[in-house]
Structure formats: structure tokens, C-alpha cells
Amino acid sequence: MNFKITTLCENTIAQAGKNLIGEHGLAFYIETEENKILFDTGQNLAISNNAAVLGIDLSQIDTVVLSHGHYDHTGGLESVLRCNPNFTLLAHPDVFAEKLKRADNSYRFIGVPHSIDVHKQNSIKVKLETTSVQIAPGIMSTGEIPLENDFEGIDCGFYIQNSKKITPDTLADDQAIVLDTKKGSVVLLGCSHRGVINTLNHVAKLTGRETIHAVFGGLHLGNASDLKLKKIVDHLVGFDLQKIGVGHCTGPRAFVALSNEFPNRVFLNTVGNTAIF
């Protein structure tokens, strides 16, 4: 099984002259001989433009998987729905919760945009699952990520509103995708809200492999302390990663720390980057 991964939405662009658009968001396009899968959709500012520039036909996507229910990963669903009436949407049941972010003593809505109601799309098959799902041959979701270590937790400031009651969001909907490639497991991350080490430990249990060949996506370490960064880097060493493509919510300090520990294996993942396994 061969896999081609194209970064369709990301914060940054490195390819000049191609009319690609960067945005605070994330989307990966996964292509095999039989399947075309979209993992996250960005904010909806860039997905249609970037797909056209990169020669990706959104109408041919058979499965959309959401890493979690924040706007910068789900907003592009609107563009996909406009051109594609027949795909399976896979996500955690909490993905459509009323998600909020607290800052300066006020709450801001950061969930799936209100304009998107997939439940009214009769031709869309919506699968809301808490456990790992086999998406296609060699491709599975992780389902919920257990919070097992003592140095990765949910950042403060995330909340859910339900029946006018606001409670902290444990981001149980946070999940990743795992590709079973010839070189080993390749993991695509959304924001790693449940922790990148917790996620990779869960992947190792699901696959039965202690090592992981490559990781792409957001590590959500922009506000991580030096101690937390050191612990994460130390634990990553044990997975024997050969390729680490980071961006979105990873943060510059984490990028430098990873680059120092894994020279020649870490790179900034930008719009238009492709990887073939």
C-alpha cells in the first residue's frame, strides 16, 4: 500500500509563486490507490484555493476525518459540502459541542462554525465514534487518547457550554490518524491537545509497534514550560522517529528544541508539502 500525504492547509507557505494561501489551520489530504481522505479542513479561508492550485479535487474525497471540534480544523467543511454531497464524516461525538475559549474574563466561540450542519446533509454519512476506527486499508483513527502521564494535560482556557452551563473542556474529541506504511507507522496529528506523548503511546498500543517512523502536524507546545518541553523531547527519543514535520500550534521554542535533539529529521511543515510512503 502506497500513501501520498499533501498538506492542504497550514499556517505558513514556503513555495513562492504558486498562489497558495496560508491560514491558522490544518488539513491533510491522504491519497491511496483506492481512497481519498481529508484529515481536518482548515478554517475555510484557504482550502478551496489550495486544492485547486495543488490539483486536488475536493469532490472526489470519500472520507473526512476531524481531529477535534475547533474552527481552525473544521471550518473548511463548508467548502467540501458545497462540492461533494457523498462522503463519510468521521469524528468523536463531542466534536459538535459548543466549544469556547476564555480570555480576558470573557468567552469566545471556537467550535464548528454555526453555518455548518452536517446532520441536515442527508447524503452525508456521519459516524461519531469514541474508539479507534479502520477508515480504509492501512489507515485508522486513534479514537480517544488516554491521559496517562503526569506532564501532559489539557491547557487552561478551553470550555464547553451545555444547557447554559459552562464547564472545562477535556477535549476528549482530540484524535489522530495512523498510516500503516512500509517504513512503519506514520501519525498525523491535529493539535495534540491530549498530549503528543499520550497520543504516540496510544498509537504504539493500537499497532503493537514501539517505534514510529514519522509524525506530522501540530504539537500544541506554544506555551509549554522548559521542563515540559524537555520531558516531551526525552520521551520522543524512545519512538526512534525518522521524520518530524511540525507546524500549526507547535510553537517556535518547541521547533528549536526538537531540531536540536533530532538534527536533519525535523522540518517546518508548510502548505503544499508532500510525503510519499
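The structure is a predicted model, in which local features need pLDDT of at least 70 and side-chain atom pairs count only at pLDDT 80 or more, while totals for chains, interfaces and linings use all residues. Residues are numbered from 1 along each chain as its sequence is written, and side-chain values use heavy atoms, with hydrogens and water left out.

The protein contains six helices and 18 strands, where helices (H or I, at least four residues) and strands (E, at least two) are DSSP runs numbered from the N terminus. Its radius of gyration is 18 Å, close to the 19 Å that the globule rule gives for 277 residues, so the protein is as compact as a globular protein of that length; the radius is taken over C-alpha atoms, and the rule is 2.2 Å times the number of residues to the power 0.38. The C-alpha trace spans about 45 × 45 × 40 Å along the principal axes.

Of the 277 residues, 52% are buried, a term that means under 20% relative accessible area, with exposed meaning over 50% and partly exposed in between (1.4 Å probe, protein chains only). The protein exposes about 12,100 Å², and carbon and sulfur atoms supply 48% of that area; accessible areas come from the Shrake-Rupley method with a 1.4 Å probe, and for residues only the protein chains shown count as cover. Among contacts (heavy atoms within 4.5 Å) between residues at least 6 apart in sequence, 74% join residues at least 24 apart.

Rolling a probe the size of a water molecule over the atoms shows where empty space is left. On a 1 Å grid over the protein atoms alone, a cavity is a set of points where a 1.4 Å probe fits but cannot get out, whereas a pocket is an open set with protein on both sides within 12 Å along at least five of seven lines, and lining residues have an atom within 4 Å of a point. Grid points are joined across faces, edges and corners, and a volume is the space filled by probe spheres set on the points.

The largest pocket has a volume of about 410 Å³. Its lining consists of 20 residues, and those nearest its centre are Lys101, Phe158, His193, His220 and Cys249. By class, this lining has eight nonpolar, seven polar and five charged residues, where Ala, Val, Leu, Ile, Met, Phe, Trp, Tyr, Cys and Pro count as nonpolar, Asp, Glu, Lys and Arg as charged, and the others, Gly among them, as polar. The second largest pocket, with a volume of about 150 Å³, has a lining that includes Phe96, Glu98, Phe109, His114 and His119, and its residues divide into seven nonpolar, two polar and two charged.

Three cavities of 30 Å³ or more are found in the whole structure, and the largest cavity holds about 70 Å³ of space. Of the 13 residues lining the largest cavity, Gly153, Ser192, His193, His220 and Lys228 are the closest to its centre. Five of its lining residues are nonpolar, five polar and three charged.

Beyond its neighbours within four places in sequence, glycine 217 is in contact with Leu26, Phe28, Leu189, Gly245, Val246, Gly247 and Thr250.

Glutamate 261 belongs to helix 6 and is partly exposed, because its relative accessible area is 37%. Leaving aside neighbours within four places in sequence, glutamate 261 is in contact with Val233 and Val237.

Glutamine 15 lies in the loop between strand 1 (4-9) and strand 2 (27-31) and is partly exposed, with a relative accessible area of 22%. Its contacts, apart from neighbours within four places in sequence, are with Leu20, Val271, Gly272 and Asn273.

Most residues other than glycine have a negative phi. Aspartate 104, in the loop between strand 6 (98-103) and strand 7 (106-109), has a positive phi near 55 degrees, and it counts as exposed at 74% relative accessibility. Asparagine 264, in the loop between helix 6 (252-261) and strand 17 (266-268), also has a positive phi, near 70 degrees, and at 83% relative accessibility asparagine 264 counts as exposed.
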